[in-house]
Amino acid sequence: MQKLQIIGNIGKDAELKTTQGGKEYIKFSVATTKKVGDQTHTTWHDCVKWIYDGKGKGILEYLARGVKVYVEGEVTANAYVNNQGEAVGTLNLNVQFIELLGGGEKRPEKPVLESSGHSLTESYNNVEDEIPF
């Protein structure tokens with residue numbers, strides 16, 4: 001087994017995709033930079049986080065452009081023929097672990113319950129009012 005660990009910034013907001021077979025996955029790219037003397041070299045890593053039984057979709061809204069992440073997973077090679085009939089090869093990182101390290105565009109600080117429109121904190125604080133003892 002090969003394992004790759006990277007720390008970098010997300011290039012653009014992550015996207016939820018579905019394969020032709022109906023399997024869902026989150027696709028995003030991470031840029032890592034290396035400085036050698038006066039020059040900076042950037043490498044882009046294509047990342048895929050598979051969704052199993054609907055679990056894991058919650059992180060999608062936090063994988064926004066500019067967010068610094070620690071990503072860990074296994075590298076896979078893929079080959080296909082593009083629309084021009086040319087053979088193309090890609091390397092993807094199949095994400096097994098991801099940790100948000102901060103930065104990026106502003107996201108909601110408190111998750112909002114879709115049905116009520118109240119934040120989880122507000123709902124928790126109001127529970128004491130409903131306890132009959």
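Two strands are taken as paired if DSSP finds at least two bridges between them. In this predicted model, strand S1, which covers residues 4–10, is joined to S5 by 6 bridges, and the two strands run antiparallel. Within this pairing, Ile6 has Val71 of S5 as its bridge partner.

S5 also pairs with S6, again in the antiparallel sense, over 15 bridges. Here Val71 stands opposite Ile98 of S6. S5 and S6 form a hairpin with 5 residues between them. In the turn of this hairpin, Gly85 has a positive phi of about 80 degrees.

The largest pocket holds about 310 Å³ of space. Its lining consists of Lys17, Tyr25, Lys27, Asp46, Cys47, Val48, Trp50, Thr76, Asn78, Thr90, Asn92 and Asn94. Two or more of the lining residues come from each of strands S3 (24–36), S4 (39–50), S5 (67–81) and S6 (87–103). Both strands of the hairpin described above, S5 and S6, are therefore among the contributors to the pocket lining. The most is given by S4, with 4 residues.

By residue class, the lining of the largest pocket comprises 4 nonpolar, 5 polar and 3 charged residues.

Technical notes. Residues numbered from 1 in each chain as written. Predicted model: local features only at pLDDT ≥ 70, side-chain atom pairs only at ≥ 80, totals over all residues. Heavy atoms only, no water. 1 Å grid on protein atoms, 1.4 Å probe; cavity = no way out; pocket = protein on both sides within 12 Å on 5 of 7 lines; lining within 4 Å. Points joined across faces, edges and corners; volume = space filled by probe spheres on them. Nonpolar A, V, L, I, M, F, W, Y, C, P; charged D, E, K, R; others polar.
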